[in-house]
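Q: I am new to this structure and would like to learn how to read a few of its features. Could we take them one at a time?

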Amino acid sequence: TVGALIDRFMAEYAPKRCRKLTQKVYRSIFENHIRPKWGGEFVQDVRTMALENWLESYPHSRQVKSHVRNLMHTMYQAAIRWEIVERNPIDLVHQSRKRLKTPRILSPAEFKALVSELFEPYKTMVITIACLGLRVCELLGLQWGDIDFDNLTVKIQRSCVEGEIYPTKTEASESTLPLDPDLAVVLLGHKALAPYPADSDFLFAGARGRPRWPDGILTDHLKPAAAKAGIGNIGWHTFRHTSSTLIHALGTRPAVQRELLRHADIHTTMNIYTQAI
């Protein structure tokens with residue numbers, strides 16, 4: 001049954017290929033959405049149109065339904081490898097991933113206003129994540145040994161999620177980025193005051209040298225600063241979207257934009273992250 005396949009997937013597939021947070025999300029999607037409807041069905045009896053019709057009428061957001069569709073597809077791919085089924089009925093299931101809201105993009109003036117309301121180390125954190133276009137997990141995973149101040153490069157090679165250190169999100173995400181001289185000066189100033197400045201220490205270490213927690217920083221520091229600056233609601237990913245859009249506005253070639261943002265697929269760069277300004 002689909003329910004038995006879910007159990008095997010979470011016992012065998014997820015622990016080997018997924019971070020703890022991803023496993024937690026998978027478990028939630030399975031238990032709250034997939035198992036109640038499909039758990040008792042035999043895996044061979046799940047039909048493309050039946051699943052598509054169910055998703056169309058399912059009273060949840062397009063984002064949730066997209067996650068459900070993609071997780072079921074991944075689960076059936078595992079079932080094919082385990083020789084339980086011969087085809088994936090989810091291949092032809094269409095589910096819109098169109099955003100309900102346009103991602104927040106900051107203008108240079110808005111970014112300056114935000115930075116002026118922040119104090120250290122959060123000011124340097126925001127400047128770094130925006131200038132490099134990083135994911136917040138990559139920002140928190142940066143160590144001093146990743147930065148080559150002589151050659152002005154930053155090596156992105158790990159991420160931090162809920163206090164756990166992992167490799168980067170994808171193979172394409174692991175890369176070396178150029179470091180602007182002005183940003184290098186900012187980071188050197190931060191390092192001079194850092195209590196943990198060794199190569200193996202994290203740039204933005206918190207208590208006992210461990211990475212900080214992004215949700216607390218966002219709630220306690222970034223959102224209040226954005227409110228004071230009069231720029232409205234922001235999130236950590238605002239800075240990555242902003243970086244992508246400003247790089248595009250400078251006339252950077254799409255292939256270079258993709259390299260700087262380290263996307264595996266250029267369509268992600270152009271269709272999801274970049275807006276015209």
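Q: Which residue lies over the face of W82?
A: This is a predicted model. In it, R8 lies over the face of W82, and its distance from the ring centre is 4.2 Å. A second case is K37, which sits over the face of W38 at 5.5 Å from the ring centre.

Q: How is a pair of aromatic rings described?
A: Two values are used: the distance of the centres and the angle of the planes. In this structure, a search of the whole model finds 8 aromatic pairs. One of them joins F9 and Y26: the ring centres are 6.1 Å apart and the planes stand at 45°, so this pair is tilted.

Q: Which parts does the pair of F9 and Y26 tie together?
A: F9 belongs to helix α1 (residues 2-17) and Y26 to helix α2 (residues 20-38), so the pair ties together parts 17 residues apart in sequence. F9 counts as buried because its relative accessibility is 0%. Y26 is buried too, with a relative accessible area of 19%, since the cut-off for buried is under 20%.

Q: What kind of pair do F111 and F239 form?
A: Their planes are at 80° and their centres 6.5 Å apart, so the pair is edge-to-face. F111 lies in helix α5 (residues 108-116) and F239 in helix α10 (residues 236-249), so the parts tied together are 128 residues apart in sequence. Both F111 and F239 are buried.

Q: Which residues do ring pairs link into a cluster?
A: The cluster consists of F9, Y13, Y26 and F30.

Q: Now a helix. How far apart are the end C-alpha atoms of α8?
A: They are 19 Å apart. Helix α8 (residues 181-193) has 13 residues, which at 1.5 Å a residue should span 18 Å, so the two values agree.

Q: Which residues of α8 are buried, and which are exposed on the face turned away from them?
A: An α-helix has 3.6 residues a turn, so residues three or four places apart point the same way. In α8 the buried residues are L183, A184, L187 and H190. Seen down the axis of α8, they fall within an arc of 125°, so they line one face of the helix. The face turned away from this buried side carries the exposed residues D182, V185, A192 and L193.

Q: What covers the buried residues of α8?
A: The cover includes α6 (122-132) and β1 (147-148).

Q: What does a side-chain oxygen of D180 reach at the start of α8?
A: That oxygen of D180 comes to within 2.8 Å of the backbone nitrogen of D182.

Terms used:
Residues numbered from 1 in each chain as written. Predicted model: local features only at pLDDT ≥ 70, side-chain atom pairs only at ≥ 80, totals over all residues. Heavy atoms only, no water. Helix = DSSP H or I, 4+ residues; strand = E, 2+ residues; numbered from the N terminus. Expected span 1.5 Å × (residues − 1). Buried < 20%, exposed > 50% of the residue type's maximum accessible area, 1.4 Å probe, protein only. Arc of directions from axis to C-beta. Contact = heavy atoms within 4.5 Å. Polar contact = N/O pair within 3.5 Å; in protein donor to acceptor, adjacent residues only side chain to side chain. Phe/Tyr/Trp six-rings, centres within 6.5 Å; stacked < 30°, edge-to-face > 60°. Lys NZ or Arg CZ within 6 Å of the ring centre and 35° of its normal.
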